[in-house]
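Please look through the structure shown here. The report below takes its contacts and packing in turn.

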Amino acid sequence: MEKLLVVDDEPTVRELLAATLRFAGFGVRSAATAGEALDLARREPPDLVLLDVMLPDLDGFEVVRRLREGGARVPVLFLTARDAPADKVHGLTLGGDDYVTKPFDLQELIARIRAVLRRTGGSAEDTLTAGDLALDPAGMLVTLRGEPVRLSPTEFRLLHHLMRNAGRMLTKAEILTDVWRYDFGGETSIVDTYISYLRRKVDTGPEKLIHTVHGSGFVLRRPRS
């Protein structure tokens, strides 16, 4: 599941995009300002940034310039009402990968996002490991001490999400959003259920990987050894 960062200062547009993209199968984080976007991109590098040009603190062009100066090669798709040819040329010259003008068709936007990810390899990801546990995202394969482990699609997505965020506590609400991709209306018990499934299948060693943060959520910690 590719991770997208949606950056737009209009709450209605930001929420519509986030909901639509999650329904299309993407993991989504969102930001309303350039500062928030840069912080999120550094802490949790996305596979693609969907970036409005007109932001309240810095414009989107400056966001891309700072990302590139910091060494981030993450693909960027500009999404803006500024449709002058000079703006498009400027954005693409700075290192943007596509430029979509508002108003836009949501299905076309999703197709453009997928095209950028295919073209740039933004969705590629190396095998993730935690002790004797390994997860290959491309091959949809999980092994424990070298032996394949059979997981359901939901169990695989949940384990993938935990391993991608190893060391970071994830709230149950975050897990629902990113793994199940839609709101369960506050019913978080399904997260506990699937965590218990994973523990029985992949967390059987002497040093536990999946830890409960009581009252908050869960965190996968790699073994100290």
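What follows covers aromatic pairs, salt bridges, sheets and helix packing.

## Basis

This is a predicted model. Residue numbers start from 1 along the chain, as its sequence is written.

## Aromatic pairs

The count comes to three aromatic pairs. One of them joins Phe 61 and Phe 78: the ring centres lie 5.4 Å apart and the planes meet at 70 degrees, so the pair is edge-to-face. The cut-off for that class is over 60 degrees. The pair links distant parts of the chain. Phe 61 sits in helix 3 (residues 60-69) and Phe 78 in strand 4 (residues 76-80), 17 residues apart. Phe 61 is buried, at 4% relative accessible area. Phe 78 is buried too, at 0% relative accessibility.

Tyr 194 and Tyr 197 form another edge-to-face pair, because their planes stand at 70 degrees, with the centres 5.0 Å apart. This pair is local: the two residues are three apart in helix 8 (residues 189-202), about one helical turn. Tyr 197 is partly exposed, with a relative accessible area of 30%. Elsewhere, Phe 61, Phe 78 and Tyr 99 form one aromatic cluster.

## Salt bridges

How many salt bridges does a search of the whole structure find? The search gives 18. One of them joins Lys 102 to Glu 10, with the closest N and O atoms 3.9 Å apart. The cut-off is 4 Å. This pair links distant parts of the chain, 92 residues apart. Lys 102 lies in the loop between strand 5 (98-101) and helix 5 (106-120). Glu 10 lies in the loop between strand 1 (3-7) and helix 1 (11-23). Glu 10 is partly exposed, at 40% relative accessible area.

Arg 29 and Glu 174 also meet in a salt bridge, at 3.5 Å from N to O. Arg 29 is in strand 2 (residues 27-31) and Glu 174 in helix 7 (residues 172-180), so the bridge ties together parts 145 residues apart in sequence. Glu 174 counts as partly exposed, at 22% relative accessibility. Both residues belong to a network of salt bridges that links Arg 29, Asp 39, Arg 43, Glu 44, Arg 168 and Glu 174. Glu 108 is partly exposed at 42%, and Arg 112 is partly exposed at 24%.

Four strands form an open sheet in the order 6-7-8-9, with antiparallel pairing. Strand 6 (128-130) and strand 9 (147-148) stand at the edges. Each has a single partner strand, so one side of each is left without a neighbour in the sheet. Strand 8 (residues 141-144) and strand 9 run antiparallel and are joined by two bridges. Leu 144 has Glu 147 as its bridge partner in strand 9.

Helix 6 (residues 153-164) packs on this sheet. The helix touches strand 6, strand 7 (133-136) and strand 8. Its direction makes about 110 degrees with that of strand 7.

## Helix 7 against helix 8

Helix 7 and helix 8 pack with their axes 9 Å apart, at an angle of about 75 degrees. That makes helix 7 roughly perpendicular to helix 8. Which residues meet across this contact? Helix 7 supplies Lys 172, Ile 175, Leu 176 and Trp 180. Helix 8 supplies Ile 190, Val 191, Asp 192 and Tyr 194. Tyr 194 is also in the edge-to-face pair with Tyr 197.

Strand 12 (residues 217-220) is covered on both faces. Gly 217 and Val 219 on one side are buried, as are Phe 218 and Leu 220 on the other. In a regular strand the side chains alternate between the two faces of the sheet.

Strand 10 (residues 170-171) runs antiparallel to strand 12, joined by two bridges. Leu 170 stands opposite Phe 218 there. Strand 11 (residues 210-213) pairs with strand 12 over four bridges, again in the antiparallel sense. His 211 stands opposite Val 219 in this pairing. Strand 11 and strand 12 form a hairpin with three residues between them. Gly 215 in the turn has a positive phi of about 80 degrees.

Notes. Heavy atoms only, no water. Phe/Tyr/Trp six-rings, centres within 6.5 Å; stacked < 30°, edge-to-face > 60°. Buried < 20%, exposed > 50% of the residue type's maximum accessible area, 1.4 Å probe, protein only. Salt bridge = Lys/Arg side-chain N within 4 Å of Asp/Glu carboxyl O. Pairing = 2+ DSSP bridges. Contact = heavy atoms within 4.5 Å. Axes fitted to C-alpha atoms, helices over the stretch in contact; angles between N-to-C directions. Parallel < 35°, antiparallel > 145°, perpendicular 65-115°, else oblique.
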